[in-house]
Amino acid sequence: GWAEVVGGDAARAAIGGAVGVVALAAAVAVGTPVVEALSGRLVQWAAYPIARGQPVMAAAVALAVIALAIASELALRGWIVERLLELSPGPPLLPIAVGALAEAVVSPGDLAARFGAALFGAGLGALYVTGGRSVVAPICARAAFGLGALALETLRWIG
């Protein structure tokens, strides 16, 4: 039931938030230069241009980022990965991979963006499984990543 996958404590939330911040830092500091060097073009970070330099709009967009984090994790980890974990014996590699693939399929953007989404999805899947099959940590990780990127975009530090 849903009560099982949404259960969690503050420690799971804190771990998830920390993972999201580290993932954002790695994406900005390492992933972006690598993708730019390999593709020969700039990475487009701006997901919410309405928030650039507009703190009031950023606050409104932040609510959408949080809602999207909750909905995405309930669907991708709380339903898809959970169903596959119930159906497949053995290590959780296949359910995590299918969840990562689903993440890539529903994510907007070019091949590089989808690859990044799949990598992030695999990490969130691993976080889900190691966190006792609770969506609390992945929701907090996704929210921290999204809110951090929104803050950087609002401050015009990324574009």
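Reader: What covers the buried residues of α2?

Author: In this predicted model, the cover includes α5 (111-130) and α6 (136-154).

Reader: Which residues of α2 are called buried, and what makes them so?

Author: They are Gly16, Gly17, Gly20, Leu24 and Thr32. Buried means under 20% relative accessible area. These residues of α2 are therefore counted as under that cut-off.

Reader: How do you know that the length of α2 agrees with that of a helix?

Author: Take 1.5 Å a residue. The 30 residues of α2 (residues 10-39) should then span 44 Å. The end C-alpha atoms of α2 are 40 Å apart, so the two values agree.

Reader: Where does α2 have a kink?

Author: At Gly31, shortly before the proline Pro33. The kink is about 40°. Just after α2 comes Gly40, with a positive phi of about 75°.

Reader: What span should α3 have, and what does the model give?

Author: Helix α3 has 33 residues (residues 55-87) and should span 48 Å at 1.5 Å a residue. Its end C-alpha atoms are 46 Å apart, which agrees. Helix α3 also has a kink, of about 30°, centred on Leu74.

Reader: Why are α3 and α6 called roughly antiparallel?

Author: Look at the angle. The axes of α3 and α6 cross at roughly 155°. Angles over 145 degrees count as roughly antiparallel. The pair is therefore roughly antiparallel.

Reader: How far apart are the axes of α3 and α6, and which hand has the crossing?

Author: The axes come within 9 Å. The crossing of α3 past α6 is right-handed.

Conventions:
Residues are numbered from 1 along each chain as its sequence is written. This is a predicted model: local features need pLDDT of at least 70, side-chain atom pairs count only at pLDDT 80 or more; totals for chains, interfaces and linings use all residues. Side-chain values use heavy atoms; hydrogens and water are left out. Helices (H or I, at least four residues) and strands (E, at least two) are DSSP runs, numbered from the N terminus. The expected span of a helix is 1.5 Å times one less than its number of residues. The bend at a residue is the angle between axes fitted to the seven residues ending there and the seven starting there. Buried means under 20% relative accessible area, exposed over 50%, partly exposed in between (1.4 Å probe, protein chains only). Contact means heavy atoms within 4.5 Å. Axes are lines fitted to C-alpha atoms, for helices over the stretch in contact, and angles run from 0 to 180 degrees between N-to-C directions. Angles under 35 degrees count as roughly parallel, over 145 as roughly antiparallel, 65 to 115 as roughly perpendicular and the rest as oblique. A crossing is left-handed if the near helix is turned anticlockwise from the far one by less than a right angle, and right-handed if clockwise.
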